[in-house]
Amino acid sequence: NLCLLMDTVIVTGGTGLVGSAIKNVYQKNYKNYKFYFLSSKDCDLTNFEETKKLFQKIKPNYVIHLAANVGGLFKNLQQKVQMYEDNTLINLNVLKCCHILKVKKCVSCLSTCIFPDKTSYPINESMLHNGPPHSSNDAYAYAKRMLEIHSKAYNEQYNDNFVCIIPTNIYGPYDNYNLQDSHVIPGLIHKCYLAKKENKSFYVWGSGKPLRQFIFSEDLAELILWTLFEIDEKESIILSVKEEKSIKEVAEIIAKEFDCKIEFDTDKSDGQYKKTADNSKFVDLYAKSKGEYKFTDINVGIKKTIEWFKKNYDTCRK
Ligand code: NAP
Ligand code: GDP
């Protein structure tokens, strides 16, 4: 049986936004690996015994660790205890099991929203622990920061190969489109869809002025696979486009697709004004390994995402 000879890869959070994108793209270059895309139905990763049992059954050679309790600004504000506890437990259990099962490499996912609030820009990988995160998401951020500390500790003490990647804001098919809890792009797509359908106003929360760097989920998926298989690097890497877009610009792209008019609800929070991330470490490493990475244009990425959302409206997460 060929499968028994193949290296195996566990993708935790394999049913989420990023996990689904990896599922869509891995066969292009990595079809000689046996991938397992896990969801919370396969195993509750907050439970150590369950996690260990599943890892012992699959015996992964590689792990892509994406699973997390994730949300946009408003979920982070309202559910601090769950964001802290779930993420701390999930990360602790997954890394511990990677170590026990002696995986060759584990790539885990941080986020640029966990960087210090008061900082100079652009932020780079070396600045992650240089001060408290924004108070809106401090519980989530500290849980995530410890994932880097924990990975480093395993590398230093046991010579494991655990690396963290740091993506900026991600969007794409299979996202969570919940009106309250989602990130900005899926939230705005859903709101604009409803506004158009019900002939009502399309409200963008906040002033529209904050700036973000948005990466299409399939681009990130390719770059995570590249990090896992193509480079030898143990220190964290920011995976991001260079350009920043304002929330207003993004809302305009969405409004144009639906032929809708924008209004701003300035009673809602803006969150952090910006968190400009420096992608030069990634650009240099990628140039040495493959050349220049061509990111999906945000107009194209949003268009694809809206098409997927409309097609899957009845069944998508919302
Ligand atoms: P997502 O769409 O919300 O998916 C989360 C995944 O984690 C799902 O597969 C979910 O399984 C799984 N999961 C959650 N709790 C679990 C548990 N207790 N046990 C087992 N599995 C559990 O997340 P995403 O947006 O793809 O995010 C992937 C990674 O990127 C996360 O580490 C996140 O912090 C990071 N990130 C995301 C963004 C962004 O803009 N989305 C930005 C920066 C970084 P079910 O399907 O069964 O619920
Ligand atoms: P963040 O990058 O971690 O702050 O996450 P978000 O994806 O939640 O983006 C938040 C920014 O988008 C803030 O400036 C919000 O005021 C703005 N925003 C506008 N409309 C929405 C919406 O419908 N949902 C969310 N989550 N944010 C919105």
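Which residues come nearest to ligand 1? Let's start there. Thr-15, Ser-40, Tyr-140, Lys-144 and Arg-317 come nearest, out of 28 residues around ligand 1. A residue counts as near a molecule or strand if one of its heavy atoms lies within 4 Å of it.

Some ground rules. This is a predicted model: local features need pLDDT of at least 70, side-chain atom pairs count only at pLDDT 80 or more, and totals for chains, interfaces and linings use all residues. Residues are numbered from 1 along each chain as its sequence is written, chains are lettered from A and ligands numbered from 1 in the order in which they are written, and side-chain values use heavy atoms, with hydrogens and water left out.

Back to ligand 1. Look for polar contacts, meaning pairs of N or O atoms within 3.5 Å; within protein, one must be able to donate a hydrogen and the other to accept it, and residues adjacent in sequence count only if both atoms are side-chain atoms. The side chain of Ser-40 puts an N or O atom 2.5 Å from an oxygen atom of ligand 1. Tyr-140 has a polar side-chain atom 2.7 Å from an oxygen atom of the ligand. Leu-45 uses its backbone: an N or O atom there lies 2.9 Å from a nitrogen atom of ligand 1. On its own, ligand 1 has 910 Å² of accessible area, and the protein covers 87% of that. Accessible areas come from the Shrake-Rupley method with a 1.4 Å probe; for residues, only the protein chains shown count as cover.

Who builds this shell? α2 (17–30), α6 (138–158) and β6 (169–171) each supply at least two residues. These names follow DSSP runs, numbered from the N terminus: helices are H or I with at least four residues, strands are E with at least two. By class, the shell around ligand 1 has 14 nonpolar, 11 polar and three charged residues. Here Ala, Val, Leu, Ile, Met, Phe, Trp, Tyr, Cys and Pro count as nonpolar, Asp, Glu, Lys and Arg as charged, and the others, Gly among them, as polar.

Now ligand 2. It is surrounded by 17 residues, and the closest are Val-184, Arg-212, Ser-269, Asp-270 and Lys-275. The side chain of Lys-275 has an N or O atom 2.8 Å from an oxygen atom of ligand 2. For Lys-191, a polar side-chain atom lies 3.0 Å from an oxygen atom of the ligand. Trp-205 brings a polar backbone atom to 3.1 Å from a nitrogen atom of ligand 2. The protein covers 97% of the 540 Å² of accessible area that this ligand has on its own. Two or more residues of the shell come from each of α4 (73–78), α7 (184–198) and β7 (202–205). The most come from α7, with three residues. The shell splits into eight nonpolar, five polar and four charged residues.

Stay with β7. Phe-202 and Val-204 form its covered face, while Tyr-203 and Trp-205 form the uncovered one. Buried means under 20% relative accessible area, exposed over 50%, and partly exposed in between (1.4 Å probe, protein chains only). β7 runs parallel to strand β12 (residues 262–265), joined by four bridges. Strands pair if DSSP finds at least two bridges between them. Tyr-203 stands opposite Glu-263 in β12.

Compare strand β1 (residues 8–12). Five of its five residues are buried. Thr-8, Ile-10 and Thr-12 point one way, Val-9 and Val-11 the other. In a regular strand the side chains alternate between the two faces of the sheet. Four bridges join β1 to the parallel strand β2 (residues 34–37), and Val-11 stands opposite Phe-37. Thr-12 also meets His-65: their side chains make a polar contact at 2.7 Å. His-65 lies in strand β3 (residues 62–65) and is buried, with a relative accessible area of 2%.

Last, a helix. α9 (residues 247–258) has 12 residues and reaches 17 Å from first C-alpha to last, close to the expected 16 Å. That expected span is 1.5 Å times one less than the number of residues. Buried residues in α9 include Ile-247, Val-250, Ile-254 and Phe-258. Just after the helix, Asp-259 takes a positive phi of about 55°.
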